[in-house]
Structure formats: structure tokens, C-alpha cells
Amino acid sequence: MTAIKHALQRDIFTPNDERLLSIVNVCKAGKKKRNCFLCATVTTERPVQVNVVKVKKSDKGDFYKRQTAWALRDLAVVDAKDAVKENPEFDLHFDKVYKWVASSTVEKNTFISCIWKLNQRYLRKKIDFINVSSQLLEESVPSGENQSVAGGDEEAVDEYQELNAREEQDIEIMMEGCEYAISNAERFAERLSRELQVLDGANIQSIMASEKQVNILMNLLDEALKEVDQIELKLSSYEEMLQSVKEQMDQISESNHLIHLSNTNNVKLLSEIEFLVNHMDLAKGHIKALQEGDLTSSRGIEACTNAADALLQCMNVALRPGHDMLHAVKQQQQRFSDLREQFARRLASHLNSVFVQQGHDQSSTLAQHSAELTLPNHHPFHRDLLRYAKLMEWLKNTDYGKYEGLTKNYMDYLSRLYEREIKDFFEVAKIKMTGTTREGKKFATLPRKESAVKQETESLHGSSGKLTGSTSSLNKLSVQSSGNRRSQSSSLLDMGNMSASDLDVADRTKFDKIFEQVLSELEPLCLAEQDFISKFFKLQQHQSISGTTNEAEEMDGGNLTRSYTAGVPQTISSEKDMIRQMMTKIFRCIEPELNNLIALGDKIDSFNSLYMLVKMSHHVWTAQNVDPASFLSTTLGNVLVTVKRNFDKCISNQMKQMDEVKISKKSKVGILPFVAEFEEFAALAESIFKNAERRGDLDKAYIKLIRAVFVSVEKVANESQKTPRDVVMMENFHHIFATLSRLKISCLEAEKKEAKQKYTDHLQSYVIYSLGQPLEKLNHFFEGVEARVAQGIREEEVSYQLAFNKQELRKVIKEYPGKEVKKGLDNLYKKVDKHLCEEENLLQVVWHSMQDEFIRQYKHFEGLIARCYPGSGITMEFTIQDILDYCSSIAQSH
């Protein structure tokens, strides 16, 4: 092993400036045994690097090569497997666990001991040695001669110091003077000893020569000590002299301190007096303004406002500790309190009288607005009251009880005032909508013709007088022909050139304008009042309100609730909530009046719900953009819910009327009323909902209505006895398709395609069914021919069949001369004309389709003749051109 160690040191580690300290012969555990060496090395250069190197024998020769190296600082655990029994296995934990089996336990222990020493000497790192005998680690501690090779080598490395240039030069000079030092070491040592003795003697002589100088120095020190004693005696005498002076100065200093303390106290006392005088003294002018100030003029209000602010500053001054115990301060505070109470009482009384006075002046102006659809303007009232806004803020901060009393009185009075105004306003709106007064008499300005129309319309729809618009005929009249419907509707138009639809449009337009004017009048009224309340009652800030009062009051309806316990009111979460509650109290009649107006509009004409939905949605959207939580936004939002319900009810009623429709058994159906009414509804809705915010509601209603129309058309077609089912389906779905194509409703594109498909399918079905087999015998003949061909007989051999020879074919053809064909087509045209209605004008379309179908059959027969009877010269007694001429002349003659 020693030879291997020297070889490894020479060949591998010396070229890398490393020294090999320990070596162990190992192989990997659990694998095919391939021996290698683990070496513990240190570098010769500083700082010293300690490594564990794996060396293995090369496969191509007997030399060794360096395979892997790990830094000792990366070693985490050394596991010897067993601390008691001899076991050659051990593990080293670097970046992963390496399992080794040593060639002998002694080599393993020596290697682990060397690792432990190197860690203790260079790293001082926490490496865990587990399953290692403690005796082995203790023996590894360097001590004297028992020190290991590694330890000794390392100490040698530490004790070695490189010679500097001076030392090298001295050694060279010495060795040049003693050339024999290398050959005769004893002689060289004797010479060095002699020279050392000479140097020691010289040192002793030098010390003896300096003894005289030392004695001189001691004498000088003795003299210095004597001088110091004399100086100390003089200082003691001086100190006794100054002692009396110090006592006198102490007395003077104490006297000056007392004088300074007295001056300081006087200054502080003067400062406190000046503070109280400056901050708790109210000018006589302010006192007079609070007691006798004029609250009716602008100058007097300004003087009272300034005086109230000054009083509040005096009352809210932050007193210093002890001030509240002074009798004068208590008297002044009581005086301020009396002034505050007196002025607050006088201010509250005056404002209450202002509320009453302004109310009387405002009620006098109601008469001029009674016949007009406008609300009185409260701007002068607000302008006059806003002069007291700062005083209201002062009252809110100083006497919350009186402030809230004024708030309650304002709400009570204004709610009655606004209730009268708004009810009168809505009454005028209802009169303008219906043309009747409260007692049911005709409105004086209603035109005579319009009155006649209303009376006749009321008689048509029952004694209740409910006007449901043009759609109400669904649940009153059965399905009739277009001529009968026109004759019934014309009975209502005896008042000039105006039609029923014109009257409906005029009434709805008038209603729309009135409803828009109502909302336009209410919106600025509410916004102006809310702005005034915010400014006058100082409620624009988000803060809690607190105060003290002995009252306990609670207002109904959730408008403004405040309960008092032990004289302290509960805090309101936000002053915005209080504004909204006050507005709800003052304008509590707006929502029910709007709901009543909406109910009236829906009663007059159910289509009015479309106008109301659009207008109300726009106003709600506008109000929410300004303030989503305001009274106006909340109220209009609630009313919008009612309008939406009426709109949904209108759609449901139309669907119900479709479901309940009855058809006449004696007349042809034609265009069904609810199909025409859907057209009217869609046209009206498109004109109303153009660029509207609630377009989605209309689209949903469209889907429901069109599906109901489809179902009802199918139902009526199935129940029809006079008119064929295909005609009912064809005409009505053609009308629906034309309506949807004209209006271009994007959400009904699928239904438009479906309507077109149904129209096309039923048109084809009706043509095939009505045309049937106009050349019946000829058709039966060729059916037999086709049957023979289907059985396997060749087409050119069919003429040899007895029943289908050329002679039989000529007989059948002779039965259908051109005259007979024209007669049959004329009868068919009359039959089709009886089935179709005039409104949809589909007769020519159907006739052209029948002409095409007849020509197709003709061409089919000619093809069979050409294939089955080739060269026979047999042809029909009429041509395609004859068919075209017959159809054209029949159409023109009718």
C-alpha cells in the first residue's frame, strides 16, 4: 500500500500541487467488484483546499488516472455502518449517497480518522459521523509523539515559514565564511557558540556602563518629588481661601433662581389670562346680533351667521387643564350656553314661520298650473331658504334636537305641499290622456270627431270603456274573410277621412308625448329638491351624525327613523341615506301616482306599455348615471318594474288571444287577424324601440310572439273546413315572411327563414294536390307502361304488349284534345281563385306554379312516348306552347 501511495503521489497529485494524506482500497457495494482508491488530499498552496479523490487503474495499462473529485466541504455524513463490530462497508453523503466496501476494516478506520482530522483542522464544519466508534475519534486527536502522519505533516506545513531576502543573504554570508560547515558540522557549531559568548559579554558591559546614568536619573526624580510636595501645600491654602467665596456665591445663585422662578410664573399666569380673554370673550356686537339680530334681511342673516360662528368658536375652545375649575370660566361657559339656547330657539321659530309663509305663497301659484301639464317652480323658495344654510349647519353642530325638529317640520309640510301639486299635475295628465274630467264628463277641448270615435270604440269593446287598441279584436271577433273585416272596420270610420289606424297612431303619439312630459317635469323637480336638501341641511358629507336631545320620535314608512336612548341618538350610517330617506318622505306620492298613470295608459291601449317601457328605461338609465342610489333612481327603477310587468302582460294577452281564436266555418280564412296584428305590433315596436336601451326585452317578446303565431297558424289551418290547410299555411307564412323581410328584425332571422320554407313547402304541396292528374286516363296509361318497364320489359318492347300498343295509346290521346285541356285548366283556375284571398295576391304565383307542374307532366309523357314508341310518329294533340297560351288566356280572362 505504501508503494501505491508513493506512486499516486508522484504520478497524480504532485503535478497538481497536492499532498496525499490517506488512501483506502474500495469497491462499490452491490455491484461487480472493480477496485479503486479513495484518497484524502490537501493542496500545498494557501488557502488550503481539502478533497476526496477517486482514483482507478486505467483499462489500457498499469498506470492510474484521476476519475472523480469531491470537495470535503460538500461532505454531509460519514456512515461507518457499525461502531462495535468490524465492518468494511461505509457510506459518504455528498450530492448523493456513495456506498463503498473497503478491502480491510483497518484501512476504512484510518481513512475515516483522516477525514475527521481534516474536518477539525480546516473546515470546522458540521459533518455527521454516525456508527463510528468514539474511541476511534478520540485517538484521532493529535497529541505529542502519537500524532498521526497526517497530523504531523500538517503541523510541519503550518510551522514552515519561508525565508525573506535579508535572512537568505545573512545565511549565505555566514556559510561563505565557514565553507567547512557542510563537511564539519561540529566545528561550525563550536564557532557559532564562541561568537554567541562574545555577544553576551558585550551586552553585560553595556549594561554596567549605563548604571551611572541610572543613578543620575534617580536623583532628578527625588528632587521633582520635593517640588510637587511644595506645590500641594500652596494649593491647600488657596482652597481654604476660596471656600468662603464659594459659600457666598451659592447664596447669590439661590437668590437668582428664586427671582427667575417668580418671573416665569408671572409670565405663565399672564399667558393663561390672555388665552382665556382672547378665546372666551365674545364681542358685544355678536351678543347683540344673537339676541336681537334681524333674521329677515340679508345683512341681518350675515351678522347672525358671523355671531353664531364666533359663539361656536368660544364654546369649542380647547381649555387647558385646570381652566374648567375657575369660577369665571364656568360663568362664561354658562353665559355662552344661554346665548346658544336663546338664539337656537329664535332661529328655529323663525325658520318654521318661513316654512309656513313660503308654503302659503307657493300654494297661491297652484291655480295657474292647474290646466297646464307643468309643475310649479320652487326655485325662489329654495333661493330664500339657502340664505340660512350656514345657520342650519351651526344649529346641526350645536343643538341637534332643534335641527332635527326643523327637519321633521320641513318634511311634514313639504310632503303635503308636493302631494297637492303632484296629484293636481297627474290629474291634468290623466285628463289630457283620456279627454275626461274627474266626474267623467267630456273634456271641453276634445274634438267632436275624436269623441265620436271614442264612444263608438267603447260600444264595440263593452260597457267598461276599456280601450285595448287594435289587437283587442282577437278575443271579440272570429276569423273572417278580408272583405268582411274591411266592411266591419269601415263602419267605424264615419267621421271623415281619418282611419282607425290613424286614430290609434294619433292617440299613442299623444300618450307618448304626455308621458314623456310627465317624466321630464318630475325629474328636475326631484333633482332640484335633492340638491336643496343637501345644501340647506348640510348632508353632503359621508359622516355619522350625533347629538343630544330629550325627545324620542320615529317617522313612518322607513323614511327617516331615529330613536333616542338616554338622550343620545343612534348614528345614521351615511348622510346620503338620510337625503334619500327625506326625499322618500317628501315625495312619497310620486311612485303611486306614476303607477296609477301607467295603469291608466295600459287601460287606454295595451300598446302604450311599449312607449312607457322605452321612456322609463331611458330616464332610469339617466338617473343611474348621475347617482345609482338616489331617490329618483330608486323610484323610477321601481316604476320600471311595473312597466315591464305590463309589457310582459301585453305580450301574454296577445299570445292568449291567439290561442283562443275561433274561425268561421262558412267563409274562407285568408290572412289571419293575429298575423296582421303581429305585423302592426312589430312595425310599431320597431319605430318605438329604435336606439332604445331595453331592446333586449323587445327581442325576447318577438321570439315569444312569433312562435305563438306559428303555432296558432298551424292550429287554425288544421281546423279550417272551408279553406284547404295548405292555402292557410301558404298565405299566412308568405305574409309573415314579407313582414319580417320588410322590417329586418335581426333576432328573427331564423324565423324568417323558417316562414319562407313553410310558405314554399305548402305552396308546392297545394299545387301538386290541386293540379292532381289533369290528363287522368293518359296518366293511368303511362303508369301501366312504367310498371311494365319496372317488371323488366325493355322500353322499346312495351308497344308489343296488347294493352299498351300504339293503337291503345292513340285512343287515349284522342280523348284529350286542346279544347278539353283548356276547359279543365279553366275549372282549375276558378277552384284556386275560390281558395285564395285577395289581400295576399298569390293567385298568379300559384297559377304559374301549376303551369310549370303541368308542363313537367307533359314533358314526362313525351319522353315516355319517345322511348317506348320510337318512330311511331305519335304525339299529343296539343303542345307546350298551347299550354302556355291556355294558361295566359285563362288568367287574363279572369
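**Close-up views of a predicted model**

**View 1. The hairpin of E6 and E7.** Three residues link strand E6 to strand E7 in a hairpin. The model is predicted: local features need pLDDT of at least 70, side-chain atom pairs count only at pLDDT 80 or more, and totals for chains, interfaces and linings use all residues. Residues are numbered from 1 along each chain as its sequence is written, and side-chain values use heavy atoms, with hydrogens and water left out. E6 covers residues 89-93 and E7 covers residues 97-102. The two run antiparallel, joined by five bridges. Leu92 has Tyr98 of E7 as its bridge partner. Phe90 is paired with Trp100 in E7. Strands (E, at least two residues) and helices (H or I, at least four) are DSSP runs, numbered from the N terminus. Two strands pair if DSSP finds at least two bridges between them.

**View 2. The open sheet.** Eight strands line up as E4-E3-E2-E1-E7-E6-E5-E8, with mixed pairing. Strand E4 (64-71) and strand E8 (128-130) stand at the edges; each has a single partner strand, so one side of each lacks a neighbour in the sheet. On average, neighbouring strands of this sheet are turned by 30° against each other, direction ignored. E1 and E7 run antiparallel and share three bridges. Cys27 stands opposite Val101 in E7. Strands of a sheet pair through backbone hydrogen bonds, either parallel or antiparallel.

**View 3. Two helices on the sheet.** Helix H1 (residues 2-13) lies across strand E1 (18-28), strand E2 (36-43), strand E3 (50-57) and E4. H1 runs at about 115° to E1. Helix H2 (residues 105-123) also packs on the sheet. H2 touches E1, E2, E3, strand E5 (77-79), E6, E7 and E8. The direction of H2 makes about 140° with that of E1. Axes are lines fitted to C-alpha atoms, for helices over the stretch in contact; angles run from 0 to 180 degrees between N-to-C directions. Contact means heavy atoms within 4.5 Å.

**View 4. The nonpolar cores.** The largest nonpolar core has 177 residues. Tyr410, Val518, Leu778 and Val846 have the most contacts inside it. Helix H13 (residues 400-434) gives the most to this core, with 15 residues. Leaving aside neighbours within four places in sequence, Val846 is in contact with Met730, Leu763, Tyr766, Val767, Val832 and Leu836. A second, separate core has 32 residues, including Tyr98, Trp100, Ala102 and Leu136. A nonpolar core is a set of buried Ala, Val, Leu, Ile, Met, Phe, Trp, Tyr and Cys residues joined through side-chain atoms within 4.5 Å. Buried means under 20% relative accessible area, exposed over 50%, partly exposed in between (1.4 Å probe, protein chains only).

**View 5. Helix H17.** H17 (residues 575-586) has 12 residues. From first C-alpha to last, H17 reaches 16 Å, close to the 16 Å expected at 1.5 Å a residue. That expected span is 1.5 Å times one less than the number of residues. The buried residues of H17 are Glu575, Asp577, Met578, Ile579, Met582, Met583, Lys585 and Ile586.

View 6. Cys887 is buried, at a relative accessible area of 2%. Cys747 counts as partly exposed, at 24% relative accessibility. The whole structure holds zero disulfides (pairs of cysteine sulfur atoms within 2.5 Å).
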